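The following note sets out comments on the structure shown below.

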Amino acid sequence: VSVLYSIAIFLFTVRVGWQLPAVEVDYPEGLDRYKYFAKFLLEGTVFKKFASYTNCLLSSPSTMLKSWAKLQPRTDALLRVLVSEKVDNREALLTAWKKDGQYLLSAYCQWLPEAVHANVSLHWPPT
């Protein structure tokens with residue numbers, strides 16, 4: 001009888017639980033953090049002005065997260081530039097642009113057809 005009682009208590013405990021609230025945490029340090037930031041940047045999530053170019057990107061922003069992304073020169077260039085200045089969030093990017101207004105322009109233009117490079121350069125940085 002005590003074994004059945006223990007099983008019943010276990011099942012009850014498993015089925016009845018408490019809902020834990022959602023907690024916002026920073027993504028762990030590492031290369032993946034930069035890859036996700038690059039993806040969100042290209043999608044226009046970080047700065048809305050980037051969103052106006054998403055329809056003419058030469059690759060999908062999700063390419064940044066693929067295992068073979070390193071083989072694409074544009075993904076590798078963007079990632080290297082972000083890592084070199086430790087830019088993995090909006091504030092860090094704004095700081096980098098204050099130091100160098102042309103920061104990231106060349107790497108970003110690799111994602112776009114040459115026909116739009118002049119327009120992008122005119123409005124850089126897109127804050």
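1. A nonpolar core is taken here as a set of buried Ala, Val, Leu, Ile, Met, Phe, Trp, Tyr and Cys residues joined through side-chain atoms within 4.5 Å. Buried means under 20% relative accessible area, exposed over 50%, and partly exposed in between, with a 1.4 Å probe and protein chains only. The largest such core has 29 residues, of which Leu78, Leu82, Leu93 and Leu104 touch the most other members. At least two residues of this core come from each of α2, α4, α5 (90–99) and α6, and α2 gives the most, with five residues.

2. The model is predicted, so local features need pLDDT of at least 70 and side-chain atom pairs count only at pLDDT 80 or more, while totals for chains, interfaces and linings use all residues. Residues are numbered from 1 along each chain as its sequence is written, and side-chain values use heavy atoms, with hydrogens and water left out.

3. The protein has seven helices and zero strands. Helices (H or I, at least four residues) and strands (E, at least two) are DSSP runs, numbered from the N terminus. Buried residues make up 33% of the 127 residues. Contact means heavy atoms within 4.5 Å; of the contacts with a separation of 6 or more, 57% are between residues 24 or more positions apart.

4. Helix α4 (residues 73–84) has twelve residues and spans 16 Å from its first C-alpha to its last, close to the 16 Å expected; the expected span is 1.5 Å times one less than the number of residues. Its buried residues are Arg74, Thr75, Ala77, Leu78, Leu79 and Leu82. Their cover includes α2 (31–43) and α6 (105–109). Lys86, which follows α4, has a positive phi, near 55°.

5. In α5, Ala92, Leu93, Ala96 and Trp97 are buried. These residues lie on the same side of α5 because they cover an arc of only 140° around the axis, the arc being that of the directions from the helix axis to the C-beta atoms. An α-helix has 3.6 residues a turn, so residues three or four places apart point the same way. Glu91 and Lys98, on the other side of α5, are exposed. The buried residues of α5 pack against α2 and α3 (48–51). Leu93 touches Phe37, Leu41, Phe47, Val87, Tyr103 and Leu104, not counting residues up to four places away in sequence.

6. The N-terminal end of α5 is capped by Asn89, with a side-chain oxygen 3.1 Å from the backbone nitrogen of Glu91. A polar contact is a pair of N or O atoms within 3.5 Å; within protein, one must be able to donate a hydrogen and the other to accept it, and residues adjacent in sequence count only if both atoms are side-chain atoms.

7. Is Lys39 buried or exposed? Lys39, in helix α2, is buried, with a relative accessible area of 15%. Leaving aside neighbours within four places in sequence, Lys39 is in contact with Pro61, Ser62, Met64 and Leu65.

8. Asp100 is found in the loop between α5 and α6 and counts as partly exposed at 38% relative accessibility. The side chain of Asp100 reaches the backbone nitrogen of Gln102 at 3.0 Å. The C-alpha atoms of Asp100 and Pro125 are separated by 9.6 Å, although the two are 25 residues apart along the chain.
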